Amino acid sequence: MRTGFYWDEKCFWHSGGNYAGLLPVGGLVQPSVANGLPESPETKRRLKNLIDVTGLSHELQMRGAAPASTEDLLRIHPQSYLDRFKSASDAGGGELGRRTPFGPQGYEIAALSAGLSIAALEAVLTGDLDNAYALSRPPGHHCLPDYPNGFCLFANLALAIESARAEGLATRFAVLDWDVHHGNGTEAIFYDRADVLTISMHQDRNYPMDTGAFADRGTDAGEGFNLNIPLPPGCGHNSYLEALDRLALPAIRAFQPDVLIIACGYDAGANDPLGRMLCHQGTFSAMTRRVLDLAADICGGKVMMAHEGGYSEAYVPFCGHAVLQEMSGSAIHAADPFGDVFPLRQPDATFESFVSSQLADMASALA
């Protein structure tokens with residue numbers, strides 16, 4: 001299996017400034033001695049380090065990419081937004097939207113992050129790789145065309161899709177977002193289009209709190225081509241797999257895309273500070289296996305993943321390693337350090353039955 005891993009050290013240098021959790025330091029908020037914003041470089045740097053230490057990186061095609069060009073960026077973002085972002089970046093940083101602080105060279109690093117996703121998708125669609133993983137930072141699935149949001153400064157996956165379309169590499173794209181937060185940016189960009197199926201599995205009313213409803217199905221030509229699967233807090237392994245099997249994967253199969261794109265967040269992990277779900281390494285491995293099997297059936301195995309959220313520095317690398325092990329077919333395994341704990345924290349049968357009934361109602365509404 002030819003699996004690409006796209007990364008760049010410079011993406012780890014993106015900085016949001018002096019924060020304590022989600023709060024800017026100042027007034028009664030004491031400066032943090034830790035890493036400030038939850039969206040720190042360490043979750044992703046430690047994933048890269050872990051695949052190096054286990055030797056998995058030797059079985060992957062480790063690649064970099066050029067930054068997204070202005071032409072690339074203008075396919076999604078208006079010139080006025082690019083100008084504001086570049087000006088603030090050149091002046092040392094700032095914050096243009098909601099929870100999107102950035103420092104010097106923020107514009108250039110965000111363009112590089114988008115470039116990793118663009119290159120990864122292109123390599124899969126041209127047949128250069130069987131599948132690919134982009135370690136993009138800053139992430140992208142919350143970003144609107146003219147408004148950065150939730151740590152996301154450019155719409156990485158939307159930019160990759162539009163670049164591939166412009167190059168004539170594909171015409172139908174399916175995006176499955178299993179980040180614990182609703183993929184509102186990707187949804188909004190393609191909400192009135194029938195050529196991109198957008199699916200988001202997320203914790204209900206986590207972030208953003210006013211988007212992600214099941215009833216939001218798209219508009220105009222895009223009606224029926226957006227699917228939200230809001231899950232109640234406390235869902236675990238079995239509920240996530242049921243949501244995939246009952247709702248997300250059948251919708252993708254019916255759509256018959258040219259490629260399957262995953263917004264791969266790990267913040268549904270059981271100890272994530274910004275999520276309240278109970279997934280574990282095995283959940284992400286099983287979801288990846290299902291995605292790969294479906295892609296093999298409907299689009300020649302073409303799968304591209306882009307790293308989104310996930311804020312547990314210790315745990316994200318082990319979940320990411322499991323995803324990459326599945327993608328590459330490697331025998332190299334990094335054992336789950338919480339493997340004897342998180343399975344015991346799964347919800348009981350009564351709660352799982354409650355969630356199952358909700359999923360059944362959603363499935364009936366789609367029939």
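View 1. Glu162 counts as buried at 12% relative accessibility; here buried means under 20% relative accessible area, exposed means over 50%, and partly exposed lies in between (1.4 Å probe, protein chains only). What you are looking at is a predicted model, in which local features need pLDDT of at least 70 and side-chain atom pairs count only at pLDDT 80 or more, while totals for chains, interfaces and linings use all residues. Residues are numbered from 1 along each chain as its sequence is written, and side-chain values use heavy atoms, with hydrogens and water left out. The side chain of Glu162 meets that of Arg193 in a salt bridge (3.0 Å, N to O), a term that stands for a side-chain nitrogen of Lys or Arg within 4 Å of a carboxyl oxygen of Asp or Glu. Glu162 sits in helix α5 (residues 156–166) and Arg193 in the loop between α6 (184–189) and β9 (196–203), so this pair ties together parts that are 31 residues apart in sequence. Helices (H or I, at least four residues) and strands (E, at least two) are DSSP runs, numbered from the N terminus. Arg193, at 22% relative accessibility, counts as partly exposed.

View 2. For context, a search of the whole structure finds 20 salt bridges.

**View 3. Asp297 and Arg253, a salt bridge between two helices.** Here the side chains of Asp297 and Arg253 meet at 3.4 Å, N to O. This pair links distant parts of the chain, with Asp297 in helix α8 (residues 281–298) and Arg253 in helix α7 (residues 237–255), 44 residues apart. Asp297 is exposed, at a relative accessible area of 57%, whereas Arg253 is partly exposed at 39%.

View 4. The side chains of Asp293 and Arg289 form a salt bridge (3.2 Å, N to O). Because they are four residues apart in helix α8, about one helical turn separates them. Asp293 is partly exposed, with a relative accessible area of 40%, and Arg289 is partly exposed as well, at 33%.

View 5. Cys279 lies in the loop between β11 (259–264) and α8 and counts as buried, at 0% relative accessibility. Leaving aside neighbours within four places in sequence, Cys279 is in contact (heavy atoms within 4.5 Å) with residues including Cys235, Tyr240, Phe284 and Tyr315.
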